[in-house]
Amino acid sequence: MALLANRESQLFIDGKLVAGSAGTFPTINPATEEVLGVAADGSAEDMGRAIEAARRAFDETDWSTNTELRVRCVRQLQQAMTERVEELREITIAEVGAPRMLTSAAQLEGPVADLSFCADTADNYQWTTDLGVAEPMGIKTHRTLAREAVGVVGAITPWNFPHQINLAKLGPALAAGNTVVLKPAPDTPWCAAVLGELIAEHTDIPAGVVNIVTSSDHGVGALLSKDPRVDMVSFTGSTATGRSVMADGSATLKKVFLELGGKSAFVVLDDADLAGACSMSAFTASMHAGQGCAITTRLLVPRARYDEAVDAAAATMAGIKPGDPNDAGTVCGPLISARQRDRVQGYLDSAIADGGRFAAGGGRPADRDKGFFIEPTVIADLDNNAKAAREEIFGPVLTVIAHDGDDDAVRIANDSPYGLSGTVFSADPERAAGVAARLRVGTVNVNGGVWYSADVPFGGYKQSGVGREMGLAGFEEYLEIKAIATAV
Ligand code: NAD
């Protein structure tokens, strides 16, 4: 693997590292705005070759049926990433602007460790089920169910947690027997491109089984959704793009798996430790500059204690200074790009225009003239209908909203086009469980519990997505079921 400085990453097509036929595009350090190096710019032609290679590898090799090979290969990839974890950490901090402390968790080491779950699942999976003999329509028949890989998977990923999302698709898709074309976000090409380098050097993954096409052109990713040779698209990104992926996939009726945006609620009931809960909510919303789809960005608090709640959240956020992601103590690094920072600033402006006020933060930090930083910001005095309370901001921004009791809190939490995640805090675990059960979301944290884990399925209700990633459910997304009926 080349050193970080002046790195020039390549495409990975049909087992070979190759240049992009559209040249290269720069990769930028979001904390300094410096050009780090370049990535290969894949064209439509490159994508066509990658899809062809994945198709051939699926149709003409034993990859989909050789479970022992696949389990070994997934473990080899994990081993290679583990051995190079310090280099991967430096790339991740520089390219993603990810705080160093998060690279020992979900930003890098967590998803690498989670590859074991994929290998173990494939190793122990019941690939066939004997349903025994029956006599449907009077014909004596022995029925068997076989689980088989879907085929060629197009994996399209965003920039916020690139290793987590790339590996949460590649791991189960490969372990289940699929071949893959990975198209990462243009903002974080290196985190994906290194996988090609490691696969080529350190694994027995056959040529064509994994292909990685970095590109500055979003349209190159869209080809995956449209191409009839692709059987399934596994997409993580914004709800707007998810809609395009689904529409593009409809022409060939391919399986479409979507992990999309969120506007999750942190519900504090009136018996909870208000200051502690609000402080935790503010801390969570500041992590990685709020660039996490499942972060709870609406803090719902009892109306009678609204001011106290705002003050507690503001005190925590005011103490979190946006900082250099290289520093071990940094919680809130930069946003990924100037475009993203401007987008967040637009939401902050809309909050004021809608009658809100900033109890902490509110814009760019005065002490940073370089880097795409935004101060952790608490917005008060808005209701759930305001734009900043309804739309996903994807910045370190928390909107505090008053509720009038448990039913009202549930109503507000569910009054969203999204349904990704949620949190409930209460001194009474049964009461908290009752509220959690009424939230229309895919994951719920009760009193600080952690749902993020290799064996826990993650995904959204409503416009937050279709399907589940991780866990056994995430593995089975990449399988078809075939019923075989043999007359006896
Ligand atoms: P995005 O939707 O702009 O881009 C995601 C990916 O889609 C990129 O690789 C991009 O190049 C590609 N793309 C863009 N247009 C496309 C098209 N028409 N067809 C096919 N591919 C296309 O998202 P982003 O800005 O990179 O990431 C932020 C978004 O991702 C947020 O909305 C966030 O909530 C969401 N996200 C969701 C989850 C989840 O699991 N639910 C996880 C992380 C991020």
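Across the interface of domain 1 and domain 2 the rule finds zero salt bridges, a salt bridge being a side-chain nitrogen of Lys or Arg within 4 Å of a carboxyl oxygen of Asp or Glu. Between these domains, 10 residue pairs are in polar contact, both residues at pLDDT 80 or more. A polar contact is a pair of N or O atoms within 3.5 Å; within protein, one must be able to donate a hydrogen and the other to accept it, and residues adjacent in sequence count only if both atoms are side-chain atoms. The model is predicted: local features need pLDDT of at least 70, side-chain atom pairs count only at pLDDT 80 or more, and totals for chains, interfaces and linings use all residues. Residues are numbered from 1 along each chain as its sequence is written, and side-chain values use heavy atoms, leaving out hydrogens and water.

**Domains and their interface**

- The protein chain is divided into domain 1 (7–260 + 464–487) and domain 2 (264–453), with bounds from an automatic or database domain assignment.
- Taken over C-alpha atoms, the domain centres are 31 Å apart.
- Domain 1 brings 30 residues to the contact and domain 2 brings 31 residues, where contact means heavy atoms within 4.5 Å.
- About 2400 Å² is buried between the two domains, 62% of it from carbon and sulfur atoms; buried area is the accessible area (1.4 Å probe) that two parts lose on being put together, summed over both.
- On the domain 1 side, Glu33, Trp159 and Ser464 lose the most area to domain 2, together 23% of what that side buries.
- Helix α3 gives the most to the side of domain 1 that touches domain 2, with four residues. Helices (H or I, at least four residues) and strands (E, at least two) are DSSP runs, numbered from the N terminus.

**Sheet β1-β5-β4**

- Three strands form this open sheet with mixed pairing; two strands pair if DSSP finds at least two bridges between them.
- β1 (7–9) and β4 (24–28) each have a single partner strand, so one side of each lacks a neighbour in the sheet.
- β1 pairs with β5 (residues 35–40) in the parallel sense over three bridges, and arginine 7 stands opposite glycine 37 in β5.
- Helix α3 (residues 85–96) packs on the sheet, touching β1, β4 and β5, and its direction makes about 90° with that of β4. Axes are lines fitted to C-alpha atoms, for helices over the stretch in contact, and angles run from 0 to 180 degrees between N-to-C directions.

**Sheet β6-β7-β23**

- This open sheet of three strands is antiparallel, with β6 (128–134) and β23 (479–487) at the edges.
- Six bridges join β6 to β7 (residues 141–149); alanine 134 has threonine 141 in β7 as its bridge partner.
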